[in-house]
Amino acid sequence: MAVERTLSIIKPDATRRGLTGRINARFEEAGLRIVAQKRIKLTREIAENFYEVHKDRSFFEDLCTFMTSGPVVVQVLEGEDAIVRNREIMGATNPVNAEEKTIRKEFGETVEANSAHGSDSPETAAREIVFFFSEVEIVG
Ligand code: CMP
């Protein structure tokens, strides 16, 4: 196992319902350290750039509208196998398919308003972390 970093986003449906603290507790209880974090409101341009890989998908426009509908909390999580571990803690993309006790099962509302985003590979994590954070903002 290796210590990794992954990019996490607590989405607008979760910040709107005041779930940031409860979601962060899930990460910390699972052994992931929050080594960077900021609450921001994405612009349309930032959302479209961040989700560029999905630009040809039917849900792209709605996804960008949703992600700019309220504050998000962007964060870097660090720990052993953090990328896969975070995806286990979040659960499946669609809350209907997520396992019990996962973030998306317990807090997610729909496949779009699914409370959390996490990088899906080391390559994606590297891109997504520098998308939001400079090196001095990440304190391990
Ligand atoms: P996320 O991990 O943020 O990455 C892309 C997002 O697109 C995904 O979580 C979902 O919230 C959202 N999305 C909306 N509709 C779909 C869909 N039909 N299939 C996959 N992802 C979707």
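**The ligand and its pocket**

The side chain of Asn114 places an N or O atom 3.2 Å from an oxygen atom of the ligand. Such a polar contact is a pair of N or O atoms within 3.5 Å. This is a predicted model, in which local features need pLDDT of at least 70, side-chain atom pairs count only at pLDDT 80 or more, and totals for chains, interfaces and linings use all residues. Residues are numbered from 1 along each chain as its sequence is written, and side-chain values use heavy atoms, with hydrogens and water left out.

Arg104 also has a side-chain N or O atom at 3.4 Å from a ligand oxygen. Val111 contributes through its backbone, where an N or O atom lies 2.6 Å from an oxygen atom of the ligand. The ligand taken alone exposes 450 Å², of which the protein buries 77% (accessible areas by the Shrake-Rupley method with a 1.4 Å probe).

Around the ligand stand Lys11, Tyr51, His54, Phe59, Leu63, Thr93, Arg104, Val111, Glu112, Asn114 and His117, where a residue counts as near if one of its heavy atoms lies within 4 Å. By class, this shell has four nonpolar, four polar and three charged residues. Ala, Val, Leu, Ile, Met, Phe, Trp, Tyr, Cys and Pro count as nonpolar, Asp, Glu, Lys and Arg as charged, and the others, Gly among them, as polar.

The space that the ligand takes is the largest pocket (a molecule sits in a pocket if more than half of its atoms lie within 2 Å of the grid points). A pocket is an open set of points on a 1 Å grid over the protein atoms alone, where a 1.4 Å probe fits, with protein on both sides within 12 Å along at least five of seven lines; lining residues have an atom within 4 Å of a point. The lining of the largest pocket has six nonpolar, six polar and eight charged residues.

Key. Polar contact = N/O pair within 3.5 Å; in protein donor to acceptor, adjacent residues only side chain to side chain.
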